[in-house]
Amino acid sequence: MIRNGHGATRGAEPPGPGGRRAVRVWCDGCYDMVHYGHSNQLRQARAMGDYLIVGVHTDEEISKHKGPPVFTQEERYKMVQAIKWVDEVVPAAPYVTTLETLDKYSCDFCVHGDDITLTVDGRDTYEEVKQAGRYRECRRTQGVSTTDLVGRMLLVTKAHHSCEEMSSEYREYADSFGKCPGGRNPWTGVSQFLQTSQKIIQFASGKEPQPGETVIYVAGAFDLFRIGHVDFLEKVHGLAERPYVIAGLHFDQEVNHYKGKNYPIMNLHERTLSVLACRYVSEVVIGAPYSVTAELLDHFKVDLVCHGKTEIVPDKDGSDPYQEPKRRGIFCQIDSGNDLTTDLIVQRIIKNRLEYEARNQKKEAKELAFLEARRRQEVHPERESDCDF
């Protein structure tokens, strides 16, 4: 078990409100290519109780039931651990959620999104806990999924931020890659996420820097928020006894200017929620200037500016974007120790493109079969025994 800010033994979490016994909540999943949809599910689950335990499946289990994951199990464990609503991570959690698992970790119930999760033989992985009344459901975040993100990366186009530039090749591939079980096409590969002020409030800490805290500023694209970002931010967070980390996120057009190709994969609003969900970040500047200016440093009363070991691309006028913090003597570079870049993630996926396509086609076929069997049961309840769930 991997704990976040709690004692060495289970049950060390603080009691619930009014001194009552803490309500322990269980979530589990693949958590492959962790994104703000995963974070939102865990945020909702945490709000249902006092202590959230998250089980993460192994690479072997995922490959057996769904197909090969993009990230390794160790990478996925650490990504989930970095989400601020998670109290504890259980590595190698079983793919099928049972009452035995809930009891083992003293959990009152488990929480899952309102989507279907099936085993390799088409069975509902939450069937047992549902029948026992120890299952709760939360709303799935619309506009994003691991399948969707893989689709965006496989499409060499900038159209995933705009519905207006769809080429015939893009539309044909999106049609085949992104259809939902009911045949509805959500235009996989095109960002359909709609940001609202309420969503930002739900993810934000709402806390301002306090006296004695060290304000540390970092800036970048933070596209496809990944393990390298987590390692970097964890090290930045560890630079001060009482850190207040502010992450500046560049506009999509700015990111595309210095990254090229079809980057960013995720738009600014999506990247904002991904970074806000990280336990090492206190605040986010949405659409930060590329150059770290004196005005920005003074406004946020920045004590330290950090950048990773990646190349620092000059601003459009050829100037060093970190010229001002360097002049003030408050600039430092941090080696995250992780060289997994967005480009490398894309290369992983492209290398195994056929496997990923087969995985998603297999998943779609299983979901269609499950929905059709359930529909037949609803139409002919007397034939329930004939329906193999």
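Is Tyr-290 buried or exposed, and what is its relative accessible area? Tyr-290 is buried, at 13%; buried means under 20% relative accessible area, exposed over 50%, partly exposed in between, with a 1.4 Å probe and protein chains only.

Some ground rules. This is a predicted model, where local features need pLDDT of at least 70 and side-chain atom pairs count only at pLDDT 80 or more, while totals for chains, interfaces and linings use all residues. Residues are numbered from 1 along each chain as its sequence is written, and side-chain values use heavy atoms, with hydrogens and water left out.

Now the aromatic pairs. Rings of Phe, Tyr and Trp (its six-membered ring) pair if their centres lie within 6.5 Å; planes under 30 degrees apart count as stacked, over 60 as edge-to-face and the rest as tilted. By this rule there are 5 aromatic pairs. Trp-26 and Tyr-105 have ring centres 5.4 Å apart and planes at 25 degrees, so they are stacked. Both Trp-26 and Tyr-105 are buried. Tyr-258 and Tyr-290 form a tilted pair, with 5.2 Å centre to centre and 35 degrees between the planes.

Next, the core. A nonpolar core is a set of buried Ala, Val, Leu, Ile, Met, Phe, Trp, Tyr and Cys residues joined through side-chain atoms within 4.5 Å. The largest has 63 residues, and Met-33, Val-54, Val-218 and Leu-233 touch the most other members. Apart from that core lies another, of 15 residues, including Tyr-217 and Tyr-322.

Last, Val-218 itself. Leaving out residues up to four places away in sequence, Val-218 touches, among others, Phe-232, Leu-233 and Cys-306, where contact means heavy atoms within 4.5 Å.
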